[in-house]
Amino acid sequence: MKRSPSVSGSKPSSNRSLSRLLFSLLLLPAFAPAAFAAPPQQPDQEVACEILVVGGGLAGVATAYEGLLAGRTVCLTEITDWLGGQISSQGTSALDERTTQRAQLFYSRGYLELRDRIESHYKRMNPGECWVSESCFFPYDGDEILQEMLEDAADEGNGRLRWFPSTVIKEVDIEGGQIQGAIAIQHSPAPDAPPLNTLPLSQTIEDSYRYEDSDQFEKTIIRFVPQPPDRRSANANQTRPTNWYVVDATETGEIIGLADVPYRLGIDALSYREPSSSSAVQDPYCPQGFTYTFAMEATQEPQTHEMPSFYPQYEPYYSYELPRLANFGLVFNYRRIYDARPRTQGSSYQFSPGDISMQNWTWGNDYRPGTAEDNLIYSRDQLEATGQLESGGWLGGLRSETLRRGEENALGYFYWLVEGETDSQLGEGVKQPDPNHRYLSGLDSPMGTAHGLSKYPYMREGRRILGRPAPGYPNGFSITEIDISRRDYADEYYREALPPAMYRSLRTALAGLEATAVVGGVRSPDDTARRTRSTIYPDAVGIGHYAIDFHPCMALTPPEQPANYERPGERRGAGQAYPFQIPLRSLIPQEIDNLLVAGKSIATSHIAAAAYRVHSFEWSSGAAVGNVVDFALDRGVLPYELVDQIPLREPLLEEFQQRLQRQGNPTAFPNTSIFNEDWEEWQ
C-alpha cells in the first residue's frame with residue numbers, strides 16, 4: 001500500500017538497538033548505476049498548489065511561512081523527514097550571527113519568531129552554552145519548532161500547508177517559458193525494511209530518485225500542478241500570467257540543475273568584480289567543502305572505541321588546524337548543544353559528563369573535494385555525461401561515492417578526537433587521546449539517525465543562478481565580492497596581480513560618490529577613497545550580514561591523501577563584510593518566468609556566496625520569495641516585471657518593498673544611504 005503525504009512531521013521513534021550499525025553501515029557498496037525506469041502512466045496522486053517549495057531548509061520554511069500568512073496553498077517537499085536544513089537535518093544547530101545585527105535584533109519577522117521559540121522551548125537562548133554562537137541546541141528540536149511555526153502561520157493566515165517529507169522532485173514539465181507541472185517521488189520503508197534514517201544518505205539517495213519500488217522503499221508518485229484561482233476571490237476573473245510558482249530552496253540548486261537554466265558552480269574567473277579569485281578561469285569543481293555533523297557526549301569513565309577499518313585512509317587529514325585551537329575542551333565546547341550543568345557563557349575549555357557537542361570542524365569532518373574526479377555536485381557537463389539531463393534520468397545531481405567518503409571521513413574524525421595522536425598541520429606531540437566520550441547514534445539521538453551522522457550534509461555552496469541580463473550585467477545579474485567585502489583593494493597584491501585595465505575598473509567600481517568624476521575623466525581612480533559600505537540595490541528585498549568565510553576545497557584527489565593542501569589562493573577573498581542586501585534580481589533565474597530561488601543558490605559569485613549562506617540570510621531570502629509570489633499572483637504580474645526597467649523607477653517594486661517593511665521584513669539596515677560611509681561599527 002502506498003503512503004499518502006503526511007500533513008505534519010514527528011520525532012523519530014526510539015531504536016537504540018540500531019546504534020550498533022555505526023561503522024558497519026558505511027562498508028556497504030554504493031548503489032550501482034541502473035537503467036532509468038520509465039515514469040508510470042498515471043501518478044498515484046495529483047496535488048494542486050499556488051506555491052511549490054522544493055527544499056525544507058530555512059529558506060524553504062521561510063517561503064512557506066510567508067505564503068501561509070498570506071493565505072496561499074503551499075506544497076513543501078524535502079528529501080529528509082525534518083524541516084530546518086542547517087538547524088536540523090544538517091545538524092548545524094548553532095545560529096551563525098554577527099554581533100551588531102544580533103544586538104539590535106534586526107532580522108526578518110519569522111527569524112525573530114524562530115529565535116523567540118528556541119528561547120521559550122529551553123527557557124534560555126543557549127542551552128549548549130557554546131562559544132561559537134548565542135544559541136546552540138538539539139537538531140531534532142529545530143524540526144519540531146519549525147513544524148509548530150508553520151502550523152500556526154497557516155492558522156493565522158488561513159493558508160493551507162501540504163507537507164511532503166522524504167520526497168524528491170524527479171521531473172519538471174517546462175513549456176512556454178514556465179514550469180507547468182512537476183513529478184515527485186515520496187519514499188517510505190518497504191515491508192520488512194528498516195525504518196527511514198537507518199542507512200546513511202550515500203546508500204539511499206539514488207534509490208530515492210528511482211520510480212520503481214525497491215527492497216528499501218515503497219514509492220508514491222505525485223504530480224504537482226498549478227492551483228486555479230478561487231472563483232470566490234475578488235480578482236478571480238483577472239487574467240494571470242501563471243497560477244503558481246516553483247521555488248528552488250534546495251541545498252545544492254537542484255531544480256536549477258534539473259531545469260537546466262544558466263548557473264555557475266565553483267570558482268568564478270578573475271575579474272574586477274571578483275579580484276580575489278584563485279583562478280584565471282571558471283572552475284566548477286571547487287565549491288566549498290561539505291560536512292557530515294555528529295553528536296558526542298562527555299562521560300565520567302573512559303569508553304572503549306573500536307577503530308573503523310577505513311580510519312587509516314583519513315587519519316592523514318585530521319588536525320586542530322591552528323596552535324590557538326589545539327585544545328580538546330575548546331573544540332568540544334565550540335558547538336556544544338547541551339550543557340548538563342548550566343554555567344556562565346564563555347567558559348570555553350570546561351565541560352562536564354553529560355555535556356553533548358555537535359562537531360563541525362574544518363580539518364575534521366569537513367570533506368573538501370576539488371577535482372573533476374571527486375567533486376560532489378555534478379557540473380552541467382557531468383550531468384549531461386551521466387544521463388541526468390535526459391527525460392527521467394535525474395538522480396539528484398550528486399556523486400554518491402563522494403557522499404560515502406564524506407561519511408567515512410566524519411566517523412573517522414570522531415575516532416581521531418577520542419583516540420588519535422597525530423595532527424596533519426601541527427605535527428607530533430600536539431594531539432592527545434581523550435577517551436571519555438561516546439558517539440551518539442540511534443533514531444532517538446540528536447541527529448535522528450541509526451548511524452549518528454546528520455541526515456544530510458551541511459552544504460556551504462551549491463549551484464548559483466545567473467540572474468537576467470541588466471544594465472551593467474550583460475551576461476546576467478550577480479552579487480560579487482566587491483559588493484560586500486571590507487578589503488582594502490589598494491594594497492600591493494591587487495596593484496601587482498591584476499592587469500592594469502582590470503585594476504582601474506576595480507578602483508572605479510569602488511569609488512562611491514566619486515565614481516561620476518572618475519568615469520568622466522575628472523579624477524583618477526588612484527586618487528579616490530574606496531566606499532566603506534556594501535552596494536545599495538534599488539530592488540532590495542532582504543538583508544544579511546556575515547563574514548566571507550571559506551572552507552576551501554583541497555588541491556589534490558582524494559582530499560584525505562597525505563600532505564594534501566588547500567587550493568592555493570582560495571582564502572584570499574575571506575574576511576569581513578559590510579551589512580548587505582538581497583536584491584530581487586538575484587532571486588530570478590533566466591529562461592523560466594515562474595521559477596524563483598531562495599537560499600544559497602541565488603545569484604552570487606563564489607566569494608560573495610561565502611557570506612550569503614548563513615541562517616538569517618536564508619530566512620530573509622525565503623521571506624522575500626514567499627511575499628513576491630503572493631504579490632505577483634495578486635497583481636497578475638511576473639516577478640521579473642518588477643525589476644525589468646531598473647535603473648528607472650519601478651512603482652510596483654516600490655509598493656512591494658513598502659509592504660515588506662510594514663510586515664517587519666526589512667530590506668535595508670538602519671541608516672543605509674549612499675551618503676552614509678560610516679559602517680565600521682557594524683561588527
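A residue counts as buried when its relative accessible area is under 20%, exposed when over 50%, and partly exposed in between, using a 1.4 Å probe and protein chains only. Before we set off, note that this is a predicted model, where local features need pLDDT of at least 70 and side-chain atom pairs count only at pLDDT 80 or more, while totals for chains, interfaces and linings use all residues. Residues are numbered from 1 along each chain as its sequence is written, and side-chain values use heavy atoms, with hydrogens and water left out.

**Stop 1: the whole protein**

Select everything first. The secondary structure comes to 16 helices and 20 strands. Helices (H or I, at least four residues) and strands (E, at least two) are DSSP runs, numbered from the N terminus. Turn the model around: along its principal axes, the C-alpha trace spans about 70 × 65 × 50 Å.

How does the radius of gyration fit a compact globule of 683 residues? Such a globule would have a value near 26 Å, and the 24 Å of this protein agrees. The radius is taken over C-alpha atoms, and the globule rule is 2.2 Å times the number of residues to the power 0.38.

Of the 683 residues, 63% count as buried. Contact means heavy atoms within 4.5 Å. Among contacts between residues at least 6 apart in sequence, 76% join residues at least 24 apart.

Now try a surface view. The protein exposes about 24500 Å², with carbon and sulfur atoms supplying 49% of it; accessible areas come from the Shrake-Rupley method with a 1.4 Å probe, and for residues only the protein chains shown count as cover.

**Stop 2: a loop with a buried serine**

Select S166, in the loop between β4 (160-164) and β5 (167-175). Most residues other than glycine have a negative phi, and most peptide bonds are trans. S166 is not a glycine, yet its phi is positive, about 55°. Is S166 buried or exposed? With a relative accessible area of 3%, S166 is buried.

**Stop 3: the loop between β18 and β19**

Next, select P558, which sits in the loop between β18 (540-544) and β19 (580-583). A cis peptide bond joins T557 and P558, with omega about -5°.

Stay in this loop and pick A563, which also has its place between β18 and β19. A563 is a residue other than glycine with a positive phi, near 65°. A563 is exposed, with a relative accessible area of 72%.

**Stop 4: helix α4 and its glycine**

What span should its 19 residues have at 1.5 Å a residue? They should span 27 Å, and the end C-alpha atoms are 27 Å apart, which agrees. The expected span of a helix is 1.5 Å times one less than its number of residues. α4 is followed by N158, whose phi is positive, near 60°.

G142 is buried, with a relative accessible area of 2%. Leaving aside neighbours within four places in sequence, G142 is in contact with L83, I87, S88 and F137.

**Stop 5**

Select H305, in the loop between β11 (294-298) and α7 (311-314). At 14% relative accessibility, H305 counts as buried. Which residues does H305 touch, not counting those up to four places away in sequence? They are F414, Y415, V418, E419, P435 and H437. For one of them, E419, draw a C-alpha to C-alpha distance: it is 7.8 Å, across 114 residues of sequence.

**Stop 6: helix α12**

Select residues 500-509, which form α12. Its buried residues are M502, Y503, L506, R507 and T508. What covers them includes α11 (492-497) and α13 (515-519).

**Stop 7: helix α15 and beyond**

Finish with residues 615-635, helix α15, whose 21 residues reach 30 Å from first C-alpha to last, close to the 30 Å expected. Because 19 of these 21 residues are buried, α15 is largely enclosed by the rest of the structure. G636 follows α15 and has a positive phi, near 70°.

Further on, select P647, found in the loop between α15 and α16 (651-663). A cis peptide bond joins I646 and P647, with omega about 20°.
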